[in-house]
Amino acid sequence: MSAITTDARLDEGALSELARSFRGELIRPGDPDYDEHRKIWNGSIDRFPALIARCAGVADVIEAVRFARDTGLLVAVRGGGHSFAGLSVCDGGVVVDLGPMKGIRVDPDARTVRAQAGVLLGELDRETQAFGLAVPAGIVTHTGLAGLTLGGGIGWLMRKHGLTIDQLLAVDLVTAEGELVRASETENAELFWGVRGGGGNFGIVTEFEFRLNPVGPIVMAGPIFWPMEESPRVLRFYRDWITDVPDELTTIVIHRRAPALPWVPSELHGAHVVAIGCCYAGPVEDGERVVAPLRKFGSPVLDLCVPKPFVEHQAMFDPGLPHGWHYYFRSCDVAELSDEIIDTVVDHSLRMKSPVNTFPIFQLGGAVGRVGEDETAFGGRRAGHTININATTVTSEGFDEEREWSRGLWSALEPHHTSVYVNFLMEEGEDRIRQAYGPQKYDRLRALKRRYDPDNLFRLNQNIEP
Ligand SMILES: Cc1cc2nc3c(=O)[nH]c(=O)nc-3n(C[C@H](O)[C@H](O)[C@H](O)COP(=O)(O)OP(=O)(O)OC[C@H]3O[C@@H](n4cnc5c(N)ncnc54)[C@H](O)[C@@H]3O)c2cc1C
């Protein structure tokens with residue numbers, strides 16, 4: 001392999017060779033669709049690859065990997081383009097874009113689904129919910145299944161059905177050598193361990209196979225809002241209440257200024273609020289009974305927790321996290337919501353300026369914590385909560401200030417950090433990646449990296465250096 005370079009000049013001979021058999025699209029600077037396809041979800045990131053290889057199938061992925069190896073170009077791999085840090089696009093290199101690979105096949109009898117690497121979460125739910133089944137995944141429908149799964153996958157169903165990787169049965173993966181391998185509990189088992197949390201370090205996954213579980217299609221779900229000034233009281237009640245709720249219930253706490261959306265009364269628009277979002281993955285009547293104490297606590301200003309289609313609930317956060325806005329994140333896991341953590345979170349949240357900032361505190365536990373810490377590469381299963389401090393502005397205006405706000409809250413919480421979810425990292429350096437996995441798993445991942453990608457072809461990720 002030649003030395004990896006970000007130099008934008010392409011080897012025209014090698015490119016013509018690639019173009020002869022490539023079934024998808026090869027897009028270069030100056031092509032009409034170039035800007036559309038180089039853009040990613042995070043509008044604060046603006047990079048200019050030399051080539052975007054939009055793969056139509058596995059053969060295209062193999063050819064694109066071999067092309068990148070042989071020409072020494074930097075490789076970015078793109079599933080849904082939602083990497084917070086923008087790791088799915090690069091300056092001067094080649095983007096292996098899996099976006100066109102949208103195949104989904106549900107087997108309702110076997111309760112399994114196969115999904116290709118360009119599938120988005122909403123597309124997967126659409127197909128599986130037609131049979132009242134689901135894969136536990138994330139909370140925004142336009143997120144890519146590929147990147148989310150390879151980092152772990154947390155969301156509304158996790159306390160009942162585990163992380164996304166806990167329902168993963170197998171992957172097909174193209175290695176740095178350009179060879180297709182399958183990994184499961186019985187084939188290439190160490191690789192299968194590594195892809196369940198180790199991200200895109202070992203190759204490009206072209207297809208995932210998951211176990212399906214019955215969910216809904218109607219679930220008791222939605223957020224309940226209180227004024228943010230009441231958050232210290234609400235969160236103390238919440239913290240005690242969740243110690244005793246069934247695994248069917250997953251909750252997410254949100255601090256934000258109420259959005260100007262049709263379902264929010266106009267008098268609340270812009271007000272600082274705390275919301276607790278619920279999703280009960282079981283019979284609606286049971287869900288109504290379980291969430292009743294929360295709905296009755298204090299005086300909520302808005303209660304949208306009602307029976308609704310699971311797919312509708314999954315889309316709830318979509319309007320608040322659109323493509324193209326400017327985003328920055330700091331994240332950490334904590335063991336529990338102690339008085340000190342609650343007071344710190346509320347104190348900082350009351351100083352949040354941007355009307356579009358929204359940051360979640362995910363409730364973990366249940367099925368997530370019942371899988372052994374070493375059974376998959378994912379780190380932090382024993383944490384109580386994952387906090388993802390999101391600084392958002394619509395344009396670059398005010399972005400620096402919000403970013404400082406996010407950093408400030410993260411630093412204030414530092415004494416309480418236990419671990420960090422790898423998919424919620426920005427480009428934060430090797431120590432933070434180590435923290436995400438813990439030292440033993442990091443070393444095991446490194447050994448796997450040496451075996452599958454010794455030259456670090458796949459380096460634009462939360463990189464485990466060989
Ligand atoms: C709006 C939004 C909501 C989110 N909500 C959640 C949530 O609820 N739960 C959660 O767990 N996470 C969530 N995330 C984080 C999300 O898991 C990561 O951003 C993830 O990387 C997104 O995957 P993607 O395919 O869209 O990303 P991309 O940017 O396309 O890829 C990210 C990285 O994943 C790797 N990668 C992607 N595809 C492949 C592949 N096929 N083979 C090998 N490597 C690959 C590459 O290293 C790439 O750099 C959210 C992110 C956003 C932006």
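I began with the shell around the ligand and found that its largest share, four residues, comes from α5. I note that the model is predicted.

I then listed the elements behind the shell. β3 (75–78), α5 (145–151) and β10 (204–211) each supply at least two of its residues. There are 33 residues around the ligand, and I recorded Gly79, Gly81, Ser88, Ile154 and Tyr421 as those that come nearest. By class, I have 17 nonpolar residues, 15 polar and one charged.

Next I looked up backbone atoms facing ligand oxygens. For Gly81, a backbone N or O atom lies 2.7 Å from an oxygen atom of the ligand. For Gly80, I read 2.9 Å between a backbone N or O atom and a ligand oxygen. Leu148 also places a backbone N or O atom by an oxygen of the ligand, at 3.3 Å. I checked the cover as well: of the 940 Å² of accessible area that the ligand has on its own, the protein covers 96%.

I turned to helix α15, residues 439–452. From first C-alpha to last, its 14 residues reach 20 Å, close to the 20 Å expected at 1.5 Å a residue. Which residues of α15 are buried? I found Lys441, Tyr442, Leu445, Leu448, Lys449 and Tyr452. On the face of α15 turned away from the buried side, I noted the exposed residues Pro439, Gln440 and Arg451.

Terms used:
Residues are numbered from 1 along each chain as its sequence is written. This is a predicted model: local features need pLDDT of at least 70, side-chain atom pairs count only at pLDDT 80 or more; totals for chains, interfaces and linings use all residues. Side-chain values use heavy atoms; hydrogens and water are left out. A residue is near a molecule or strand if one of its heavy atoms lies within 4 Å of it. A polar contact is a pair of N or O atoms within 3.5 Å; within protein, one must be able to donate a hydrogen and the other to accept it, and residues adjacent in sequence count only if both atoms are side-chain atoms. Accessible areas come from the Shrake-Rupley method with a 1.4 Å probe; for residues, only the protein chains shown count as cover. Ala, Val, Leu, Ile, Met, Phe, Trp, Tyr, Cys and Pro count as nonpolar, Asp, Glu, Lys and Arg as charged, and the others, Gly among them, as polar. The expected span of a helix is 1.5 Å times one less than its number of residues. Buried means under 20% relative accessible area, exposed over 50%, partly exposed in between (1.4 Å probe, protein chains only).
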